[in-house]
Amino acid sequence: MSDHVYKKLELVGSSPKSIEDAIRNAIETAGESVRQMRWFEVIETRGHIEDGKIAHYQVTIKVGFTIERTT
């Protein structure tokens, strides 16, 4: 097993459907430009209320990804 160095990136995902969908949106969108993502942790969860009902979910996550070595 080789040594790894990781970097953490903070993202905020949102969804009108669910917390899970907000997480998925953040990770899938970041995956279009960030390589080697390995794990995530949920830091904060919040939502928007309209007319007494949940209208939107917003989740802050930290995503760990492997730093690629050049040598």
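Trainee: How many salt bridges does a search of the whole structure find?

Mentor: The search finds 4 salt bridges, the term meaning a side-chain nitrogen of Lys or Arg within 4 Å of a carboxyl oxygen of Asp or Glu. This is a predicted model, in which local features need pLDDT of at least 70, side-chain atom pairs count only at pLDDT 80 or more, and totals for chains, interfaces and linings use all residues. Residues are numbered from 1 along each chain as its sequence is written, and side-chain values use heavy atoms, with hydrogens and water left out.

Trainee: What makes the contact of Lys-8 and Glu-41 a salt bridge?

Mentor: Their N to O distance is 3.7 Å, and the definition asks for a nitrogen and an oxygen within 4 Å, so the pair qualifies. Lys-8 lies in strand S1 and Glu-41 in strand S2, 33 residues apart; strands here are DSSP runs (E, at least two residues) and helices likewise (H or I, at least four), numbered from the N terminus.

Trainee: Why is Asp-21 called buried?

Mentor: Asp-21 has a relative accessible area of 15%. Buried means under 20%, exposed over 50%, and partly exposed in between (1.4 Å probe, protein chains only), so the term applies. Its salt-bridge partner Arg-24, at 3.2 Å from N to O, counts as partly exposed at 41%.
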